Amino acid sequence: MATPLGRVMCREGSGLRRVLYGGHLMVIPKRDIRFRLDEKTAHSSLDLIKKDTGVVYRMIGIDPTKVPQNPERFRDWAVILGDTALSGGKHYWEVTVKRSNEFRVGVADADMPRDECIGVSSRSWVFAHAHQKWHAMLGNKTIPITKIGHPERVGLLLDFDGGKLSLVDAEKQQLVHTVGASFRGPVVPAFALWDGELLTHSGLDVPANL
């Protein structure tokens with residue numbers, strides 16, 4: 001039986017999604033990452049919101065002695081990690097950043113030391129916004145990023161096997177900046193926040209043009 005125009009049929013395999021639309025076969029990367037923020041890793045100045053998909057910075061946070069102590073929690077820096085580790089493939093998620101002026105978004109080794117901050121640690125790869133400017137941060141190296149401004153929402157494109165992390169203009173679906181990385185093991189989405197809030201959006205297809 002013929003497939004009606006506009007009807008979508010999917011077949012999956014080899015990390016790709018094959019979509020039959022209007023008689024034409026389209027191949028796009030698979031939607032294969034959905035994560036929440038991991039409260040066990042959250043610094044005491046951070047609160048989770050919106051079913052653990054968002055995070056708010058509190059200038060006067062919870063007394064650290066009142067927070068359950070565990071080895072996963074960041075002790076010195078306002079950092080939180082995602083709860084899903086990635087060890088291969090190509091993945092994409094977005095972050096609404098319009099309610100914050102100082103933050104970092106990217107990925108980090110799942111077992112990075114909890115007394116270090118993402119962006120400074122050699123075990124993280126992030127894009128930072130502060131003082132109305134963007135930078136890529138790799139260990140002790142900081143690289144200015146221009147021509148992006150302060151969009152309401154940005155994308156993160158991780159190519160684990162290719163050793164790359166890219167910042168994406170989510171509205172235009174265009175790459176803004178890409179950094180190279182030598183991943184030693186599984187990485188997780190990583191966030192740092194010093195004002196306002198961030199909201200994550202996962203379960204997204206990798207844009208076909210990126």
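My notes follow, topic by topic.

**Ground rules.** I'm working on a predicted model, where local features need pLDDT of at least 70, side-chain atom pairs count only at pLDDT 80 or more, and totals for chains, interfaces and linings use all residues. Residues are numbered from 1 along each chain as its sequence is written, and side-chain values use heavy atoms, with hydrogens and water left out.

I looked up E4 (residues 46-49) and E5 (residues 54-57), which pair in the antiparallel sense over 4 bridges. (Strands are DSSP runs of E, at least two residues, numbered from the N terminus; two of them pair if DSSP finds at least two bridges between them.) Leu48 has Val55 in E5 as its bridge partner. Between the strands sit 4 residues, and Lys50 takes a positive phi near 50° in this hairpin.

**Salt bridges.** I count a side-chain nitrogen of Lys or Arg within 4 Å of a carboxyl oxygen of Asp or Glu. That rule gives 8 salt bridges. Which residues are linked in a network? I find Asp109, Asp111, Arg123 and Arg184.

- Arg184 and Asp109 form a salt bridge, with the closest N and O atoms 3.3 Å apart. Arg184 lies in the loop between E14 and E15 and Asp109 in strand E8, so the pair ties together parts 75 residues apart in sequence.
- Asp109 is buried at 2% relative accessible area, while Arg184 is exposed at 57% (buried is under 20%, exposed over 50%, partly exposed in between; 1.4 Å probe, protein chains only).
- Asp111 and Arg123 come to 2.3 Å between their closest N and O atoms.
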